[in-house]
Amino acid sequence: MLIQARDPTLLIVAALGTVPIVVFHTMGSRVAHSSADSKFTGDVLRAAGLRVLEWVHGSLIGAVFLLVPAVLLGAWAARQRLLNEPGRHRRSLLRVAVLGVGLAIVGGLPWALLRASWAAPPSAAAAELVSVVHTLTGYGGGVGYAAIAGLVAVRVQRRHGPGPVLRALSACGQRSLTCYLLQSVVFVAVLAAYGGGFGNRVGIVEIALLATGTWVVTVLLAELMARRGYRGPAEVLLRRLTYGPDSRRSTRLVSAPCPPR
């Protein structure tokens, strides 16, 4: 029903949707604090149980409320054809990108300093407020990144086709679930206490380098799969689970082969 509402209604409801975000974010922080040991415990079953608790809160409760503003903003942007016709809205997209990402940086910096233990909050209430601001301004970052994607599309159109970097990123996006799961396996194998156990031995810089390196490898792997015309195995499994055995698509792509590099 809201999708069919007028533009002002969509924007107003999206703004009002930030109110339950604060409430459920506070509840979520309690869950996060109670399950913080899931990243460091050597008990696999306990870690799995805590992760299930996080998933229940994040998927069954948080997603219902946290995604509403984003969905409505996306519906409004689709009506304006901001990303369908980015060339016509280049100036607007540029303003949204600068303001959105800038807002996310300003709102997320205090939380990043706290998480990195480079600053200490004066009280627990102040830490909670910083966390809520981080969540709310994160919406601005999400909108800003979407605008950046539109600006990139404009640049690609002007260049008459994507370059190798954009092709690799596109291949990763088409196999996002496979890449995500592969990254998770690497992080567990290296960082978890029941894996390599390096999570308690290295600092945030080393972990950031590991995350960056792992992401680069998954992007390159996705590009290699695209060159050979293969889907991600996780995407193939998801498709078969969704559409059943009648979906007779193998790991081989049915669409036209990838253009020569």
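As a rule, nonpolar side chains in soluble globular proteins tend to be buried together.

A quick word on the ground rules. The model is predicted, so local features need pLDDT of at least 70 and side-chain atom pairs count only at pLDDT 80 or more, while totals for chains, interfaces and linings use all residues. Numbering runs from 1 along each chain as its sequence is written, and side-chain values use heavy atoms, with hydrogens and water left out.

On the charged side, a search of the whole structure turns up three salt bridges, each being a side-chain nitrogen of Lys or Arg within 4 Å of a carboxyl oxygen of Asp or Glu. Glu85 pairs with Arg81, with the closest N and O atoms 2.9 Å apart, and also with Arg88, where the closest N and O atoms are 2.5 Å apart. Through these shared partners, Arg81, Glu85 and Arg88 join into one network. As for cover (buried means under 20% relative accessible area, exposed over 50%, partly exposed in between, with a 1.4 Å probe and protein chains only), Arg81 is partly exposed at 38%, Glu85 is partly exposed at 24%, and Arg88 is exposed at 64%.

Glu223 and Arg227 meet in a salt bridge too, at 3.3 Å from N to O. These two sit four residues apart in helix H8, so about one helical turn separates them. Glu223 is buried, with a relative accessible area of 9%.

Finally, Arg90, Arg91, Arg95 and Arg158 gather in a patch of positive charge on the surface. Patch members have over 30% relative accessible area and no salt bridge, with like charges joined within 9 Å; Lys and Arg count as positive, and the place of an Arg charge is taken as CZ. Helix H4 (residues 90-115) gives the most to the patch, with three residues. Arg90 lies in helix H4 and is partly exposed, with a relative accessible area of 38%.

Conventions
Patch = residues over 30% accessible without salt bridge, like charges linked within 9 Å, V, L, I, M, F, W, Y side chains within 5 Å. Areas by Shrake-Rupley, 256 points an atom, 1.4 Å probe, with all protein chains shown as cover.
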